[in-house]
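Hi,

Here is the structure I promised to pass on. Have a look at it first, and then read my notes below.

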Amino acid sequence: MYLVANINVEICASKSCKLCTQYCPEANTIQYSETMGTDKGYKYGTAYIAVDRCKGCALCVWVCDTMAKNNAIKMTMIDQLPLAAVTDNIRYEEKTTVAVLSDPMIVIGN
Amino acid sequence: MSLDYVKFSGGFEKFMPKEYRDMVEHGPFGKKISVSQMGSFKEILEEHPMCAGCAMTLFIRLAIIAFPNPEDTITVGTAGCGRLAISQAAIPFVYGNYGDQNGVASGLSRGLRLRFGDKPKDVVVMAGDGGTADIGFQQVLHSWFRKERFTTIMLDNEVYGNTGGQESGMTNRGAVLKMAPLGKKFEKMDMLQMAKVAGCAYVATVVPNNPRRVESVIKKAVLIAREVGSTYIQAYTSCNIEYAIPTDKVMEDAKTVENDRYQFTEYVSDEAKQYLTERYGYKDYLPKAAAPAAAIPNKA
């Protein structure tokens, strides 16, 4: 198994910094959804990870902890993520994205 | 070389992979996008084999987002790590022999001007420190002296990262590397000064720990290269493998190096300032309002 980044929606959606989306070295990996936070009653949208693209460098953890002082991202073993976004389940809309979360082990393993 | 080349051929849409459909429908082609929108549109850089946590990858990602017209841009590269990612973007990429990237770009840039006239087609060279300052040095300098109108970006990781850690001209004096165990004996080459002497219209250093600055610098360099002359950007993009930087500390290292020896510098020629102001509405270079005359102290 291997580590991937995992964003705590409750903490992330309390601020609107979006810093991790700008510092991830991988393209199309940390996505931002305007609705996935507000739908749950939080103030802002939330960032989330396309775990099939994440290489596990943890650069976003440093950015979230040190630059944003948000502590919303933790590295987690991929088989311990209950639900996560994968590229096939991400939909692009006008100025935002939306993901249908699923068990990543089932989707990636297929 | 237009918006047409990313569209689907009739009847083929349903056979294209999801990533391609997303790029055509929600990519940056033909739109004005910025780094503040990252994460909410489909980027044209796709998956690539570069190392986890690589700062060069981050810089390339930001650079491709910053291109003013990605549908009218061609990138030119050479051997080195960077080409592994640059070639995985949905913009044409020319892979030259080692070191000839600025020669290739010179011909390409001239040919595009003959073919398309005044319609801007941007040529951007992205090569490593070895390709730019060592093996391609002669062609780089000559393209600058000839005032070829394209942008040269050096991805300066201060080592030959792809071949096991040999010192390059851009390695710092004293740096100990796997293939330079006694430490480098010479100073780092001052390519910025050489670019200015050779007559580049725009010269800047940048570190990818400030995405907005990277965006601004690349936009300016590409726009100036359309009409004024050669432009040069030197970007510090650490090699976390050869310099043993833990991947989660890559941005901390970038910050340290920026404060130490890679401070942001920008040189814009007077002609380029005038061009940016008149053609693209940049307000940074307008003459400042005259400051009130300093009071002359009364002589007692």
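A word on burial before anything else: buried means under 20% relative accessible area, exposed means over 50%, and partly exposed is in between (1.4 Å probe, protein chains only). Keep in mind that this is a predicted model, where local features need pLDDT of at least 70 and side-chain atom pairs count only at pLDDT 80 or more, while totals for chains, interfaces and linings use all residues. Residues are numbered from 1 along each chain as its sequence is written, chains are lettered from A and ligands numbered from 1 in the order in which they are written, and side-chain values use heavy atoms, with hydrogens and water left out.

Salt bridges, then. I count one when a side-chain nitrogen of Lys or Arg is within 4 Å of a carboxyl oxygen of Asp or Glu. Over all chains, there are 23 of them.

In chain A, A:K18 pairs with A:E34, with 3.5 Å between the closest N and O atoms. A:K18 sits in the loop between α1 (9-12) and α2 (19-23), and A:E34 in the loop between β2 (30-33) and α3 (35-38), so this bridge ties together parts 16 residues apart in sequence. (Helices, H or I with at least four residues, and strands, E with at least two, are DSSP runs numbered from the N terminus.) A:K18 is partly exposed at 21%, and A:E34 is partly exposed at 36%.

B:K18 is buried at 17%, and B:D22 is buried at 10%.

B:R213 also bridges to B:E258, at 3.4 Å.

Finally, helix packing. In chain B, the axes of α2 (residues 55-66) and α8 (residues 211-227) come within 9 Å and cross at roughly 50 degrees; axes are lines fitted to C-alpha atoms, for helices over the stretch in contact, with angles from 0 to 180 degrees between N-to-C directions. Touching residues (heavy atoms within 4.5 Å) include B:F59 and B:L62 of α2(B) and B:V214 and B:I218 of α8(B).

Cheers
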